[in-house]
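Please look over the model below.

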Amino acid sequence: MADTTQTYEPGTHPDLPPPMATRGPILWVRKNLLSSPTNIFLTVVSVYLLYLFVPGALNWALFDAVWDAGSRAECREIGQGACWALAEVRFGQFIYGFYPEHLRWRVDLTAVLFILAILPLLWDKTPFRTQMLMFSAVFPVIGYFLLVGGLGLEPVETTKIGGFTLNVVIGVTGIVASLPLGILLALGRRSHMPIVRTLCVMFIEFIRGVPLITLLFVASTMLNYFLPPGTTFDLILRVLIMVTLFSSAYIAEVVRGGLQAIPKGQIEAADAMGLRYWQSMRLVVLPQALKISIPGIVNTFVGLFKDTTLVVIIGLTDVLGVGRASLSDAKWQGLAWEVYVFIAILFFICCFSMSRYSIYLEKKLHTGHKR
Amino acid sequence: MAAIEHDSEPLTLGRLWSDKRYRAVITQILVVAGMFMLLAFLATNAVQNLEALGKTFGFDFLWAPAGYDINQTLIPYDSRETHFRAGVVGLLNTGLVAITGCIFATILGFILGVLRLSSNWLINRIVYCYIEFTRNVPVLVQILLWHGVIVSTLPGVRQALSPTEGVFLSNRGFYVPKPVFEDGFMLVIIAFLAAIAGMVVFSRWAKKHQEATGQIYPVFSIGVAAIIGLPLIAFFVAGMPLAFEMPELKGFNFQGGVVVRPEFAALWFALSIYTAAFIAENVRSGIQSVSHGQTEAAFALGIKPNWTMRLIIVPQALRVIVPPLTSQYLNLTKNSSLAIAIGYMDIVATFGGITLNQTGKEMEVMIIVLTIYLTISLLISAFMNWYNRRIALVER
């Protein structure tokens with residue numbers, strides 16, 4: 001007790017010991033990995049899981065992998081790991097399908113132009129944004145002629161478009177074409193006209209209630225019945241129509257969410273200013289509603305892009321179709337892991353970056369309401 | 001006054017369009033007319049096309065013999081039965097994979113969702129990687145991957161792996177012992193039902209007792225003990241009336257036991273782990289949506305941590321979790337139609353696949369398949385809406 005009563009002249013107090021470390025690796029480990037018995041248990045379990053899977057997976061995928069071989073048997077002679085030689089030999093097919101080899105530059109060019117076209121839409125600080133947006137508007141036409149030919153370019157049959165290109169083409173066309181349709185459906189669902197509203201609700205709920213694969217079956221087996229006798233048009237176009245209808249229902253629900261978030265006062269104010277319905281939608285409501293639904297639209301796109309793999313079931317040769325074809329090749333039989341892991345990585349890179357982008361957008365749009 | 005004067009103006013063509021009320025009516029008439037024209041156009045085309053092909057519209061084919069085999073059936077079926085029965089078998093297979101998938105996905109999803117919020121950095125990251133990997137890879141790729149792995153890496157029937165006695169893993173399926181119930185097993189079931197009934201009565205009484213006196217009984221632990229213990233006692237009293245039929249290798253395949261086909265295993269596993277990743281994210285956001293103040297308030301009132309979780313956090317989090325959970329169940333059910341890619345005989349594969357090809361009745365078959373999925377979807381969402389209303393926050 002004597003200590004507490006001791007007094008010091010100002011400036012003569014001996015230095016106190018430094019405070020306990022608030023940073024440093026050991027403290028971090030204690031705080032994040034070993035703070036309680038449950039925590040210690042979880043750490044032990046996860047270390048064990050990592051020990052169980054990571055070394056094996058790394059050995060298989062990288063260290064013992066074979067990158068250069070002519071067949072599966074050759075692969076197995078060289079090493080026990082993954083036989084990536086398959087993906088290497090058939091890389092062109094995985095990406096381009098059966099697109100003629102000497103014309104593949106057109107697919108590459110379309111891809112580059114596509115990136116230039118979506119850049120101003122995704123990033124509002126793009127230099128020359130207004131001019132770029134005009135380019136985005138005409139890009140679909142350019143892309144169509146580049147891929148299919150015409151206008152002096154050598155024509156390519158649509159059945160030749162395949163591989164990952166086909167997945168991207170279906171996904172992008174689906175989402176671009178379904179956006180206007182989805183917006184109309186969303187507006188229809190919130191309309192005051194009972195018949196229009198009922199029709200929109202019925203369409204949306206019907207599409208959302210059935211699996212995409214059944215709609216694709218409809219496209220491949222019976223869509224022709226509903227067209228004037230004698231008309232035939234190719235399977236890819238039919239698939240595109242179905243995919244567009246399918247995603248428009250999902251887009252409609254996303255946009256409806258955006259519309260509901262706009263306060264009623266905005267519409268009333270637009271009415272009070274004498275704007276007509278379409279004017280108030282175009283100038284006041286939709287710009288705000290679409291802006292907040294962009295993350296949802298991106299998520300719908302991620303879902304649609306993953307769903308484009310279903311076209312393999314109705315016989316189109318997308319990236320998965322190429323994969324299955326190479327699995328049935330006698331030279332490469334039994335390489336299921338390699339083929340599907342390769343395709344999975346391809347999709348993961350695309351979808352993960354898109355979902356990160358939508359998270360970034362959400363963060364950008366939600367400002368201010370957080371602790 | 002102005003309105004009345006306005007109304008008394010003569011009806012001109014221009015006014016019909018500029019008056020909001022009339023315009024709404026006209027638009028709707030136009031929409032209906034357009035719809036009818038479209039439908040009539042489609043219908044006449046369909047009639048003409050069917051006539052040109054010499055096909056008739058009708059559902060008689062349902063009663064014709066199917067003529068194909070289905071490798072996994074929940075009800076007795078052979079190839080001489082009707083297409084209708086084949087469809088029912090397919091529908092039951094869809095139901096089997098959807099229900100078992102939903103159960104497993106929910107359990108896994110809740111565990112992962114809670115672990116994702118764990119303060120343990122390592123487990124948090126592992127779960128994060130798992131969720132991002134499974135969510136961002138098409139489910140069809142995952143189904144094909146697991147199917148390919150089972151078929152191409154597991155040994156054939158003769159060299160089947162046998163981790164424990166009576167269990168065989170081969171590329172033609174997983175064989176496990178089949179429980180055979182002997183007489184006297186009824187007693188166990190009765191004991192089980194009695195335990196459940198007793199616990200319902202007991203928990204009601206305990207709640208009333210708590211409201212009246214404030215005394216709390218450990219209802220949950222007593223309940224678990226009774227529901228497990230009572231049937232166990234009955235089991236021994238009845239003299240263990242349970243035997244196992246072991247699968248045995250006879251000729252080219254196993255006989256006896258329960259077989260889980262690789263198609264079912266791959267589909268079930270891929271669908272569940274895919275959906276579990278989405279459910280985990282729902283659970284995480286649901287728990288995070290409960291304001292931190294709720295926990296602090298509960299602690300301030302002196303409520304124990306696990307009671308806080310059970311009585312305060314979970315009920316509030318469920319309100320946020322349930323609606324998206326419904327759509328995940330729906331998605332899983334719809335995704336189960338991908339079975340056709342690996343040859344699992346669900347409704348799309350049996351009815352929409354083989355029956356369609358054999359009978360050439362595209363229109364009728366697709367109408368039936370679409371109606372079935374639509375009905376399932378509407379039923380699930382109706383049930384979930386009812387549940388949702390029950391647990392919704394009652395506001396002023």
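How far apart do the C-alpha centres of domain 1 of chain A and domain 2 of chain A lie? The C-alpha centres lie 40 Å apart. The domain bounds come from an automatic or database domain assignment.

This is a predicted model: local features need pLDDT of at least 70, side-chain atom pairs count only at pLDDT 80 or more, and totals for chains, interfaces and linings use all residues. Residues are numbered from 1 along each chain as its sequence is written, with chains lettered from A and ligands numbered from 1 in the order in which they are written.

| Domain of chain A | Residues |
|---|---|
| domain 1 | 21-63 |
| domain 2 | 86-99 + 156-365 |

Now the helix pair. Helices are DSSP runs (H or I, at least four residues), numbered from the N terminus. Helix α12 (residues 235-260) of chain A packs on helix α14 (residues 277-307) of chain A at an angle of about 140°, and their axes are 8 Å apart. Axes are lines fitted to C-alpha atoms over the stretch in contact, and angles run from 0 to 180 degrees between N-to-C directions.

Contact between residues requires C-beta atoms, placed from the backbone, within 7 Å. In α12(A), the residues that meet α14(A) include A:Y250, A:I251 and A:G257. Among their partners in α14(A) are A:A289, A:G296 and A:L304.

Next, the chain contact. Chain A contributes 44 residues and chain B 50 residues. On the side of chain A that touches chain B, α3 (37-63), α10 (194-209), α11 (212-222) and α16 (336-365) each supply at least two residues. α16(A) gives the most, with 10 residues.

Key:
Contact = placed C-beta atoms within 7 Å.
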